[in-house]
Amino acid sequence: MKLAASLFFLFLAAEIANPPEPAIPYFSQVRDVHIVHTDRQNFFIVDEELWSHARPDLRDLRLYDGQTPVQYALSEQRAGITSEEVEAKILNLGSVSGHTEFDLDTESLAEYDRIRLHLDAWDFVATASVSGGSAPGKASKVELPPSTLYDFTKEQLGSNSLLKLPPSSFRYLHIRLSPGIRPQQVRGASISNLREQQASWTKIGSCDAPQPKQRSTEIICNVPARVLLNRILLQVSPTQVNFRRSVSVEDGKGAQIASGEVSRVRVNRAGTLVTNEELAVNVSSRGGDDSDHLTVIIDNGDNPALAVVSAEPLSLERRIYFDPQGKSALRLYYGDEKLSAPVYDYARFFHVDASAAEAQLSPGEHNAQYAGRPDDRPWSERHIVILWGAMLVAVLVLAVLALRGLRAETPR
């Protein structure tokens, strides 16, 4: 009896452990993939149609060549990642004709394109001139592009102490600051190598015209709940400059799901023009709300209302990369809620080919072969009455056996 029970539960465990397998009749939607360049890596962009009808995690996307699956890799078009920032040794720090000058020893990093100065200074604008060479000092140096440093703490417009350079490998750098920063205010410096790749974005949903309120500006946006929202970009009239505003994003229930700041700086100090602009608010989660409506709230405080021209909901661009292997047409199936993510060798060893070509997707349509999945619930869920009945019978049998055992052991 124990053996039978063990086999029964092992059967149930095996039944539960088997993941659902893909099959064309199980997908509710289909799109044609049109390929022009069949001799190279291709990709297509995940659009609003796919977000709306596929699983939210996109795990049910499948490519087919007839009845044969085609492997692919899902890639997010994020911005580049900065390498670890390391300290650079400051040498020969001093003042020359009212200008703070010093050398940096960059031995700790072979190649770099960023310098961050650690300054103990506020409310200033300065130009940093940079040159590079193989020895400290100004002799035999190569001039590099200058950078503008600033701090607008008083105006609450932010600061910048970062110098941007072309990729460089000079052992020593010589930095000369315009008047306004004293040598004792230079507390340190660090260098880094930023392999910069701009993020790509896909526009999703839409936003209504801004509505000015008493101390704020509100914008209603409509974004399908299934679409993964990553940021909201504001377009502000170019005539409005030198502002910083707090921004919050609320879901349909009024719960805050994101917050941040937008700003634009355009200041001319002593002939030096400082410009900087940040007009996007990042959104990391939609929370538990399944509403399509979001509200963007700009806190204007006692300032004039921000002249927002428009707002754009954006999703980080996702691309599906694949090898067409000479085929000019494939089919993309999706819309199977029970399907798990595929495990492909192509994705494990994936790298982006610089010559990858973009394939085009036809409009989404209902899969004519769709029949839906059969009832693949575990046997225990499909026959709950039988299971409970069997368990009840087993309990009764055990009880009867126990009573018989007690009677047999009772002395007469």
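Here is the tour, with a note on the model before the stops.

This is a predicted model, where local features need pLDDT of at least 70, side-chain atom pairs count only at pLDDT 80 or more, and totals for chains, interfaces and linings use all residues. Residues are numbered from 1 along each chain as its sequence is written, and side-chain values use heavy atoms, leaving out hydrogens and water.

**Stop one: R318.** Select R318, in strand β27 (residues 318-322); strands are DSSP runs of E, at least two residues, and helices are runs of H or I, at least four, numbered from the N terminus. Is R318 buried or exposed? R318 is buried, at 5% relative accessible area (buried is under 20%, exposed over 50%, partly exposed in between; 1.4 Å probe, protein chains only). Now show E76: its side chain makes a polar contact with the R318 side chain at 3.3 Å (N or O atoms within 3.5 Å, one able to donate a hydrogen and the other to accept it; residues adjacent in sequence count only if both atoms are side-chain atoms). Leaving aside residues up to four places away in sequence, R318 also touches others, including F44, W51 and L228 (heavy atoms within 4.5 Å).

**Stop two: a sheet.** Color β6, β15, β9 and β13, the order of an open, antiparallel sheet of 4 strands. β6 (86-87) and β13 (162-168) are the edges with a single partner strand each, so one side of each lacks a neighbour in the sheet. Zoom in on E87: its bridge partner in β15 is S190.

**Last stop: I384.** I384 lies in helix α5 (residues 384-409) and is partly exposed, at 40% relative accessible area.

Notes. Pairing = 2+ DSSP bridges.
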